[in-house]
Amino acid sequence: MRGMQESSQTILRDIFGYNHFRGEQDAIVSHVVAGGDALVLMPTGGGKSLCYQIPALVRARRGMGAAIVVSPLIALMQDQVDALKQLGVSAAFLNSSLDAATARAVEERWFDGELELLYVAPERLTTPRFIAQMERAKVSLFAIDEAHCVSQWGHDFRPEYRALSILHQRFPSVPRIALTATADARTRAEIVEQLELEGARQFISSFDRPNIFYQVVAKNNGQQQLLQFLSGYKSQAGIVYRLSRKNVDDTAAFLVGHGIRALPYHAGLDASVRAKNQQAFLREEGVVMVATIAFGMGIDKPNVRFVAHMESPKSMEGYYQETGRAGRDGQPAVGWLCFGLGDAVSLKRMVEQGDATDQRKAVEFGKIDALLQFCELASCRRQALLHYFGENLAAPCGNCDNCCTPPQTWDATEPARMALSVVYRTGQRFGATHLIDILRGVSTEKVIQFRHDQLPTFGVGKVYSAMQWKSMFRQLVASGLLLPNETEGQLFSGLMLAESSRAVLKGEQAVVMRQEGLPKGRSRSVRDELESGSGKIRASSSGSRTVADMAGIAEEDAPIWQRLRETRMDIARAQGVPPYVIFHDSTLREMLAIKPTTLAAMAQISGVGSRKLAQYGTQFLDVFQQP
Ligand code: ADP
Ligand code: ZN
C-alpha cells in the first residue's frame, strides 16, 4: 500500500507538477490503483481528471497495459490528449475525426504497448471489433468520463453509454472508474444501475464552487448594465448567455461597438463560423463569447472568469451548470445574473405554450419559481443553491452579493396591496409597465384609451419611482402573489392574481420586500451604510471586490505579467494548442510571485512538471532576466 502511494505521489509531483492531492483525489487514486471500482461525483473544476489519469499511469507503468477512457465529445478528447502530451504522457484518442491511416497508427502503438491512456468514443468502444482489440491488447483500467450521459433523465443522454455495461461483463477483472459532475441522486442511481457499479465505492464531494461569486442584479437597462459589469473584466475571458439567437447577435454587436472582443455563438450560425468562434474563445485570451445555451458543453477552458446571464435561466439546475463553467481553475470567478420581471413571465409563457403534458408543465413552473425565489433572496445565495441540491452549508458563505452587501428588507404591505388592487381593477390582463403608469398617475395614451385614469388607484403610488415599482412587481411575481395570465396570449406580460393574494388584499397578511423598492428618504441605503463605514457590510455592491482580488497584480509587476502571458501565447500558437495547455494562469501567477532565477526554483512551482520544465523552463526564466 505504501509503495503504491509513493508512486502516485511521485507521478503527481514529477508529471503534473503538483505538490498535493486535492480533497478526495488521494483516496480515489489509491482505491483505483489497487484495482477497486469507483463512482466519483465531483463538481466542475474539482479535479476529476487526475483521479483516473494517475491510476492509469501507475498501472500502465507496472506493465498492466493502457487505460481506456470513454469520453462523449471529440473536443474533450482532443483537449485532454493535448494536455497529457505536454506532460510527456503517452496518450492518444480514437474517434471519427481521424482518417483510417492515423487510426491504424494509433492502434499499432497501442498493441505495441506504447500507450498509457487511450481515449475512445463510446460508439466505437462497444463494437465487436474494438472488444476483440481490447482482448488482444492489455487494458489496465476503464475510465468512464461524463458518466451522467448514461442517464435518460439528464440533459446529455447518449444512448451508446447504455451499452457500456458490456465492459464489466467482458472484462470483469479490470477496474472501472465512472466520473460525473451531475449532482442529483436519481442520476447517480441510474449510473450505478446502468453501468453495473453496485459494488463500486462511491466518492461524493461537496458540490460547492467556493471560488465563484454569485451576484444577481435587477435589470433596468440590461446592455448598459452588462457593459458596466464587463468594465471590471478588461481582457478576461467570459461567457454572456442570452435566450434567443437574435439577442445573441444584438449583444455581440453592441459589445464590439464598445471595443470589446465579443463573438456570437448559436445554432443558427454556420457550423464553420461556430467552430471558428469557439476556437478563438479557446485559443486567444480575453474573448467574450455571447451565446445561447447551445454553447458550453464540453468547454474545458479553465480560465473563464465570468458567466453573465442576461435572462434568467430556466431552472436552478441550469443556473448551477452554466455559472459552473466559470473558474474551473479555482481562481476567483463570477456568476452574474441580470434579472428582470419580464424574464420570469416570458419563461412561464413559453412553458405554458409548449406542448408538454400538464404534469410536465407543472414541474417546469416549479423550477422557474425556485429560480425566481433564488433571485429575490435576501440571504446567502450559496446556502440556497446548495440547499436546493440537498446539501447544507452551515454558515453564510461570505462570497456572494447578499453576504457581502446584505440587502435590507422592509414592510411593503401597503404598496403590495396597491399593486394587487390595480391588477384586479384592470381585469387581470395588463403588464407591469402599464400598471405602474396607472399607479404613478401617468396619463399615457394607453391609460387614457382604457380610461384607467378614472380608476381610484390612479396615482396612489406616486411616492415610489417606476424603478421601485418594477422591483416590487418582480418580488410579487417571485413570491407567487402575482402570476402571468396565460389566457391573454396577445397581451404580453399580462399579470393576474394568485389565490394567495387574497389574504394580502384583505389585510390579513403582511408583505416583506427587499430594499430596492424602498422610497427615497425612508431609510438609509446600503450605499450610505458603506460610505459612512458604520454597517457590517464588507464590500461594494458591484462585486468588484472579487474582480480586484483576481486582477491582484501589482502595478510594478504588470510588464512582467504581460511578458509571461506573451511567452505562453507564442509557445501555444507555435504548437496550435490553447495557452492554458502550456501553463495555467495560476502557474504564471506563482512565477510572478516567486520570480525564479534558476530552473530548480522554477521546478518548485505548482503546475511545472519535469517535461514542462525541460521544454519551457529557460524561456520563462528569461522573462525575469529582462530589464
Ligand atoms: P474537472 O474535470 O473535475 O472539472 P479538472 O480535472 O479539469 O476538473 O481539474 C480542474 C483544474 O484543477 C485543472 O486545471 C487541474 O489541472 C487542476 N488540478 C486538479 N488537481 C489538482 C491538484 N491536486 N493540485 C493542483 N491543481 C489541480
Ligand atoms: Zn453567501
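Which residue lies over the face of phenylalanine 374? I looked, and arginine 381 is there, at 5.6 Å from the ring centre. My rule for a charge over a ring: NZ of Lys or CZ of Arg within 6 Å of the ring centre and within 35 degrees of the ring normal. I also found arginine 136 over the face of phenylalanine 111, at 3.8 Å from the ring centre.

**Ground rules.** The model is predicted, and I kept local features at pLDDT of at least 70 and side-chain atom pairs at pLDDT 80 or more, while totals for chains, interfaces and linings use all residues. Residues are numbered from 1 along each chain as its sequence is written, chains are lettered from A and ligands numbered from 1 in the order written, and side-chain values use heavy atoms, without hydrogens and water.

**Aromatic pairs.** I paired rings of Phe, Tyr and Trp (its six-membered ring) with centres within 6.5 Å; planes under 30 degrees apart are stacked, over 60 edge-to-face, the rest tilted. The count came to 21 aromatic pairs. I looked up tyrosine 52 and tyrosine 119. Their ring centres are 6.5 Å apart and their planes stand at 70 degrees, so I noted the pair as edge-to-face. Tyrosine 52 lies in helix H3 and tyrosine 119 in strand E4 (residues 117-120), so the pair ties together parts 67 residues apart in sequence. Helices (H or I, at least four residues) and strands (E, at least two) are DSSP runs, numbered from the N terminus. Tyrosine 52 is buried at 1% relative accessibility. Tyrosine 119 is buried too, with a relative accessible area of 1%. The scale: buried is under 20% relative accessible area, exposed over 50%, partly exposed in between (1.4 Å probe, protein chains only).

Next I took phenylalanine 583 and phenylalanine 620. Their centres are 5.2 Å apart with planes at 80 degrees, so this pair is edge-to-face. Phenylalanine 583 sits in the loop between helix H27 (579-582) and helix H28 (585-594), and phenylalanine 620 in helix H30 (residues 610-625), 37 residues apart. Both phenylalanine 583 and phenylalanine 620 are buried. I also saw ring pairs linking Phe207, Tyr320, Tyr388 and Phe389 into a cluster.

Contact here means heavy atoms within 4.5 Å. Threonine 567, in helix H26 (residues 558-575), is buried at 13% relative accessibility. Leaving out residues up to four places away in sequence, threonine 567 touches Gln619, Phe620 and Val623. Glycine 617 lies in H30 and is buried, with a relative accessible area of 4%. With the same exclusion of residues up to four places away, glycine 617 touches Leu599, Met602 and Lys612. The C-alpha atoms of glycine 617 and leucine 599 are separated by 6.4 Å, at 18 residues apart along the chain.

**Helix packing.** Axes are lines fitted to C-alpha atoms, for helices over the stretch in contact, and angles run from 0 to 180 degrees between N-to-C directions. H14 (residues 316-323) and H17 (residues 381-388) pack at about 115 degrees, with axes 10 Å apart. Met316, Glu317, Tyr319 and Tyr320 of H14 meet Ala384, Leu385 and Tyr388 of H17. H2 (residues 25-33) and H3 (residues 48-61) pack at about 40 degrees, with axes 9 Å apart. From H2, I listed Gln25, Ile28, Val29, Val32 and Val33; from H3, Leu50, Cys51, Ile54, Pro55, Val58 and Arg59.
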